[in-house]
Amino acid sequence: MQPLGIQVFDDYSLLKVSHDVDDTASRMINLPTLIGGVIEALETNANNLKFTPKYLEQFNDIQLDSLLVKYFNIRLEEIERQRKALQFTKIKRKDQSNELKSLIQANQAAMRRLYPNERPSLYIFYEDNMLIEVELVKEITRILWGDTLEIIPNRLPPNTHGPQEDILVGKDLKPKKRSGERLKAWESIAKQIKNRNKPTFCLIIARKFYPDPTGQKVAKIDDKVNKPSTRQALATMAGACVQFMQPIAKTQKTKRFKLENFFHRLQAAMKDLLFAHSGRIDDVQEKVDKYLKSIPPEARPKEIIVFTIDRKQRGSVRGFIGNTFLAEAMRIKVDAGKCEFCCAYEKGNKLTISPWSSFPDGLAFIAGLTPVKLADKPSIYKTRFMDFVKKIVSKSVEAGAQPLIMIDSSNCAQLWAWLKDVEINTNKIDLGSHENMQDEWQGARLIRIRQEIAPGIIEKKERHLMETFLEDTRTKEELNQLSPKLKIPSASSSTGLFRLSATNQTGCVAYLSVRKLPHQYSRGQSCYRSTQTLTKKPDADKKPISNKAGLNVYQLSTQTAFVDRWPSPNPLEIVVTLRQPEDNPDDLAALVESLRYGFGHYSDWTALPGPLFFKRVVRDYISDFAIADEDIESEQD
């Protein structure tokens, strides 16, 4: 590597941090378990179901077919793989009755925490010929969420979904005006929902492609303004959260229902709608108490506040940021574990900051916000963004909330210069004209979060090999007592929380959080040289070879340099800046990392810690972005 000018970086250390990783609240339930539970509930009409393992196996094909027709109007022969699709297997489809019970308890507990003393409504909007989907959604939702939801099926209003050129009103209009026609079509039902004055979620079951009625032409795509218009209408007029879902897909040749796929998509859609759109994060108080146990309880954060922006161009920006973006803040009240939202925007040529509201109410607010900007001139929108940060943080500090503040510098560094590497300094926090904010913000903790720049952690290791032969009877334990015959270099992508050892006078402490590999490729491949590797099968047609001791025998071969594209793990960079005298920066970094896990709708580590992770939901509700994109595409066409 050195001839190429590449130097090995080893100024880091792995922290011994343990996280409680539990997917009880976010796991998926397979088709046989879930449909068995649904039919058992319908047949017994019991309130406290214990869920009989392998419930469906007691019925023969005729009886099972009768039950499917009775409750869902679907025949056994119409399902892909038919009876086999509803049976358990040893590997992929094990009985999950116990997991189902745990999930139901977690779902209902979360809804009661998020909406105490309320019973939200779930509207299922559907197109014609989708009664099978509606019945499945109703009964699955009743099993998974019990009586915490009021379920209301309703047909989609006319002229809200369908191909632009065939069905909808205003088909010849530009995107913004076509969107206006869709909003009109939703007005009546949206007002009815609004008048009920209840938290409301809307699941829209609609097709992406619509077949030609004559069967002579190819299917036509749903008008691209329909989805953003539907979300905008229901959010702004009804104050509702919205999620979309396609109907049951069918196999190409036999036209059978892909029921397993539908059950998986339905669970994912409902979790996203009910939990991601509510800003659900579990065990926040427990995490604060666990990782900051060295800090007296009265000095621990009472609020976690994050700042970011959503800009018209997706992703993080390296070039000019432009003036079309929404400045956002999200807050978790630690004791309640509830997510709140506020944003900054220009109104009457002045900076306006919306009041803190519940996360769903915040989504409804921004759906009707236009234009989405702080100012037209960079000097003004930078100043206004920094004023936004100052007012939110200072108010929290003044209230004695000892806030933990996270700033998404991947998107905000161009608005607040102090976030850049050359400017950041714990001893001198400047917010434009507001200098030395570290004095005003005593009691707060300030963390810079950055994505997409930091490299992965690759550990240099060796593989120790022993020569063997087919007649060899030596056990693995015996071989481990001997000196290796050959050592070959090996690389490993390490995961964990790493503290960077480089020191300077800024007072900042930097960490890399590596918690997920985005691929399943074998490690050790090099992009600049050939490497040695072990091959299980010398010949593709042969089975793995074993010796007399039962140990696999491998062949040493040369692997050429890997020159294709290969996604690499992107660590999350966590920089602890402002902190209090009693704080251990390692503990603060561990707390931030723990917030990358524990969402009811997602069972893996997330790219960003909560509540910053919910910025992906916020963007979907900025209607101006989606409709403007369609306007641009229309002009280009």
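Which residue in β7 is the bridge partner of Ile204? That would be Phe244.

This is a predicted model, where local features need pLDDT of at least 70, side-chain atom pairs count only at pLDDT 80 or more, and totals for chains, interfaces and linings use all residues. Residues are numbered from 1 along each chain as its sequence is written, and side-chain values use heavy atoms, leaving out hydrogens and water.

Now for the sheet. It is open, with 4 strands in the order β3-β2-β4-β7 and parallel pairing; strands are DSSP runs of E, at least two residues, numbered from the N terminus, and two of them pair if DSSP finds at least two bridges between them. β3 and β7 sit at the edges, each pairing on one side only. From one strand to the next, the twist averages 20°, with axes being lines fitted to C-alpha atoms and angles running from 0 to 180 degrees between N-to-C directions. As for β4 and β7, 5 bridges join them.

| β3 | 150-155 |
| β7 | 241-245 |

Among the buried ones are Asn226, Pro228 and Arg231.

Finally, Leu203 touches residues including Phe125, Met245 and Leu273, not counting residues up to four places away in sequence; contact means heavy atoms within 4.5 Å.

Conventions. Buried < 20%, exposed > 50% of the residue type's maximum accessible area, 1.4 Å probe, protein only.
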